Amino acid sequence: MGEAPALLVDDVQDGALNGLELKNVTCKTTATVGDKAYVIGGADDGTLSIEVQIFDRSLGEWVRPTVRGTKPVSCNGLSAVPLEDRILILKKGSKPDDQIWFLEIDTQYVRQQQKILGSEVVAWSKGVIGNAEKPVVISGPSGVGKGTLISMLMKEFPSMFGFSVSHTTRAPRGMEKDGVHYHFTEKSIMEKEIKEGKFLEFASVHGNLYGTSVEAVELVADAGKRCILDIDVQGARSVRASSLEAIFIFICPPSMEELEKRLRDRGTETEEQILKRLRNAEAEIEQGKSSQVFDFILYNEKLEECYERLKKLLGLDGFITAPPKSGPIEIDLPMDHSVSKIDNKIIINCISSGEKESKNLIILDVSSLKGGVPGRTRGLNFQAIGSFSNGLNGIDQLS
Ligand SMILES: Nc1ncnc2c1ncn2[C@@H]1O[C@H](COP(=O)(O)OP(=O)(O)OP(=O)(O)O)[C@@H](O)[C@H]1O
Ligand SMILES: Nc1nc2c(ncn2[C@@H]2O[C@H](COP(=O)(O)O)[C@@H](O)[C@H]2O)c(=O)[nH]1
């Protein structure tokens, strides 16, 4: 049986937190986890995003953490519910797709960032109802046919897959477009952005810097599509170690001779580059076959056969046309609500004007949360009880 409902929202409307004065507090909320009180709300300096400050009770001092992820824009009020490794934030008076957020405070990603920076880090991720399909990471030596296979998949299933557009410091090839094939950038800029935590992974490949930005993966998720990442083995290893749950596929050439032929026939690299890519290919193939990173290895000998096996792996064999795309499920929370928590259930009590008590409840189940950075916490489930004037977006009311 669950414990008695406990109101965990601690609005600091009176400007005081445990006897400490807070200046200009408007629409701020605190959530206490252990010795730390997280003060979350609109910035005092007039910026539009929600800011975070931490009061460390054990040290008796304020800490301004490094904040990773896209910050939510400020709103008319916030509720905060501490969970194990993150704080659930419900935004009042925001659009349905912008109401549920998580402030990660002790997730794998946050701990990793704290280790790198040696200071306090928190990270924002948006709450997503249900479970989206896992992203697909495709790796393999240069010239094996990754891009060709991905193009075929995107052409056949345009509404299902979205490509994660990487950043690179290499020069564009003839037909390549900035922002479509890659974000072409400069080394110094990319290095600065890596330090700022904008990249999910990055690696030096064949003498240039390549990386997947958190935003590149978020953009695909926002479009309701399954993300495909075309990255090298080092990048795949980094993603495997991150909080992003994905399927990892390694594409192998039938032989080194065939790989060389494909690279030469493609005609996009200089002789020096071809030789460098072939040298690197031997080590990549060895790592791809022996490492624990990859879930599947596909040999790309005959293109059509390899493509059919790829579709089978992704559960797409037998699809005559792409399955219909369903929009994201959203809940439209009313402006007036109170929040409590019983076990893994967050009870949102929706109070209509004139009512003292409400019979309208939304119950958010946070028992199966997954992931976090880059940008999204998935696995939220919900149940709606009663009649809602605001209604639920994208789903029928359950009772
Ligand atoms: N099974 C195949 N048989 C013959 N040629 C192939 C096959 N698969 C791909 N190719 C050709 O090989 C060349 C390299 O393919 P592609 O550019 O897709 O490789 P890649 O793995 O994406 O390389 P990179 O990592 O350098 O981007 C292309 O010209 C493509 O048309
Ligand atoms: N670790 C990463 N590797 C990447 C990324 N984007 C591409 N790549 C890999 O680089 C090589 C070379 O690509 P090319 O376009 O110059 O031929 C190839 O193996 C790609 O898979 C990335 O974001 N991160």
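1. Helix α6 crosses helix α7 with right-handed geometry. The model is a predicted one. α6 covers residues 256–266 and α7 covers residues 271–290. Their axes approach within 11 Å, at a crossing angle of roughly 145°.

2. On the α6 side, the residues that make the contact are M256, L259, E260, L263, R264 and R266. From α7 come E271, I274, L275, R277, L278, A281, E282 and I285. Sorted by class, this α6–α7 contact holds eight nonpolar and six charged residues, with no polar ones.

3. The other helix pair is α2, residues 146–156, with α8, residues 303–313. Here the axes come within 10 Å and the crossing angle is roughly 60°. α2 is therefore oblique to α8. This crossing is right-handed, and a right-handed crossing was also noted above for α6 and α7.

4. Which residues carry the contact between α2 and α8? In α2 they are T148, L149, M152, L153 and E156. Their partners in α8 are L303, E304, C306, Y307, L310 and K311. The class count for α2 with α8 is seven nonpolar, one polar and three charged residues.

5. Ligand 1 has 16 residues around it, and S142, K146, G147, T148 and R266 come nearest. K146 lies within the residue range of α2.

6. Which atoms of ligand 1 lie 2.9 Å from N300 and E301? In the case of N300, a polar side-chain atom is 2.9 Å from a nitrogen atom of the ligand. For E301, a backbone N or O atom is 2.9 Å from a nitrogen atom of ligand 1. K146 instead places a polar side-chain atom 2.7 Å from an oxygen atom of ligand 1.

7. Around ligand 2 there are 18 residues, of which S166, R170, Y182, Y210 and D230 come nearest. The side chain of S166 has an N or O atom 2.6 Å from an oxygen atom of ligand 2.

8. T212 has a polar side-chain atom 3.3 Å from an oxygen atom of ligand 2. For D232, the polar side-chain atom lies 2.7 Å from a nitrogen atom of ligand 2.

How values were computed: Residues are numbered from 1 along each chain as its sequence is written. Chains are lettered from A and ligands numbered from 1 in the order in which they are written. This is a predicted model: local features need pLDDT of at least 70, side-chain atom pairs count only at pLDDT 80 or more; totals for chains, interfaces and linings use all residues. Side-chain values use heavy atoms; hydrogens and water are left out. Axes are lines fitted to C-alpha atoms, for helices over the stretch in contact, and angles run from 0 to 180 degrees between N-to-C directions. Helices (H or I, at least four residues) and strands (E, at least two) are DSSP runs, numbered from the N terminus. Angles under 35 degrees count as roughly parallel, over 145 as roughly antiparallel, 65 to 115 as roughly perpendicular and the rest as oblique. A crossing is left-handed if the near helix is turned anticlockwise from the far one by less than a right angle, and right-handed if clockwise. Contact means heavy atoms within 4.5 Å. Ala, Val, Leu, Ile, Met, Phe, Trp, Tyr, Cys and Pro count as nonpolar, Asp, Glu, Lys and Arg as charged, and the others, Gly among them, as polar. A residue is near a molecule or strand if one of its heavy atoms lies within 4 Å of it. A polar contact is a pair of N or O atoms within 3.5 Å; within protein, one must be able to donate a hydrogen and the other to accept it, and residues adjacent in sequence count only if both atoms are side-chain atoms.
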